[in-house]
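Here are my notes on the model, as numbered points. Have it open while you read.

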Amino acid sequence: MAAGAVMYNFAVQLADVDRGVYEEFAVRVARHPSETDAYMVTRVLAYCLEYVEGITFGDGISATDEPAVLVRDLTGALTTWIEVGAPDADRLHFASKLADRTTIYTHRDPLKVIGAWTGKRIHQADQITLHSFDDGFVDAVVAQIERRTTLSVSVVEGQLYLDVNGTTLSSTVHVHPLG
């Protein structure tokens, strides 16, 4: 844990009908002082929306050789590289060569994020997807987050329904292919 990091605890109930994933789990998240609340919330959402056995948070925003969220198989091999925010093209190129699957979740304007990659070399860009949420959704979630948060996550036909400490919010999970 980084010096000055603030710990957040999430009790999560996940019902991802689209993927057939139904789990209850606890997540401890260290928010680095240079990390925005929106970035942290997007990291937690990415973790929930990609939840499988072997998922974990990366070493943090200062780790250059790991993403924000990653999945390893039982042998320890990296299978899924999950970026958050607006990674640069070189990082995506590196990730796509290293992992079987690369995906991004952003709290920013997806057109601007994709625009920054236009004309840049990204290995297997056609197999990478960017996920975004409705305008204002992440900020609405941030407003409900406390150091201890109860989070109920439901996904049905690409629609995300959240109950955050008793407040209900929803958004479409927009999928933007890079290629």
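How are helix 1 and helix 4 oriented to each other?

1. Helix 1 and helix 4 are roughly perpendicular to each other. The axes of helix 1 (residues 37-49) and helix 4 (residues 137-144) cross at roughly 95 degrees and come within 9 Å. For the wording: angles under 35 degrees count as roughly parallel, over 145 as roughly antiparallel, 65 to 115 as roughly perpendicular and the rest as oblique. Axes are lines fitted to C-alpha atoms, for helices over the stretch in contact, and angles run from 0 to 180 degrees between N-to-C directions. Helices (H or I, at least four residues) and strands (E, at least two) are DSSP runs, numbered from the N terminus.

2. Before going on, a word on provenance. This is a predicted model, where local features need pLDDT of at least 70 and side-chain atom pairs count only at pLDDT 80 or more, while totals for chains, interfaces and linings use all residues. Residues are numbered from 1 along each chain as its sequence is written, and side-chain values use heavy atoms, with hydrogens and water left out.

3. Back to that crossing. On the helix 1 side, D37, A38, V41, T42 and L45 meet F137, V138, V141 and V142 of helix 4 (contact means heavy atoms within 4.5 Å). By class, this contact has 7 nonpolar, 1 polar and 1 charged residues. Here Ala, Val, Leu, Ile, Met, Phe, Trp, Tyr, Cys and Pro count as nonpolar, Asp, Glu, Lys and Arg as charged, and the others, Gly among them, as polar.

4. Now helix 4 by itself. F137, V138 and V141 are buried (buried is under 20% relative accessible area, exposed over 50%, partly exposed in between, with a 1.4 Å probe and protein chains only). They cover an arc of only 95 degrees around the axis, which puts them on the same side of helix 4; the arc is that of the directions from the helix axis to the C-beta atoms. Their cover includes helix 1, strand 9 and strand 10. D139 and A143 are exposed on the other side of helix 4.

5. At the start of helix 2, a side-chain oxygen of D88 comes to within 3.3 Å of the backbone nitrogen of D90.

6. S132 is worth a click. S132 sits in strand 7 (residues 129-132) and is buried, at a relative accessible area of 2%. The side chain of S132 makes a polar contact of 2.7 Å with the side chain of H176. A polar contact is a pair of N or O atoms within 3.5 Å; within protein, one must be able to donate a hydrogen and the other to accept it, and residues adjacent in sequence count only if both atoms are side-chain atoms. Leaving aside neighbours within four places in sequence, S132 is in contact with T106, P110, T172, V173, H174 and H176.

7. D109 belongs to the loop between strand 6 and helix 3 (110-115) and is partly exposed, with a relative accessible area of 37%. A polar atom of the D109 side chain lies 2.9 Å from the backbone nitrogen of L111.

8. Q159 lies in strand 9 (residues 159-164), and its side chain is joined to that of T172 by a polar contact of 2.9 Å. Q159 is buried at 19% relative accessible area. S171, in strand 10 (residues 167-172), counts as buried at 0%. Not counting residues up to four places away in sequence, S171 touches F133, D134, F137, G158, Q159 and L160.

9. Two backbone angles to check. Phi of Q124 is near 50 degrees, a positive value in a residue other than glycine; Q124 is in the loop between helix 3 and strand 7. Phi of E157 is also near 50 degrees, and E157 is exposed at 74% relative accessibility, in the loop between strand 8 (148-156) and strand 9.
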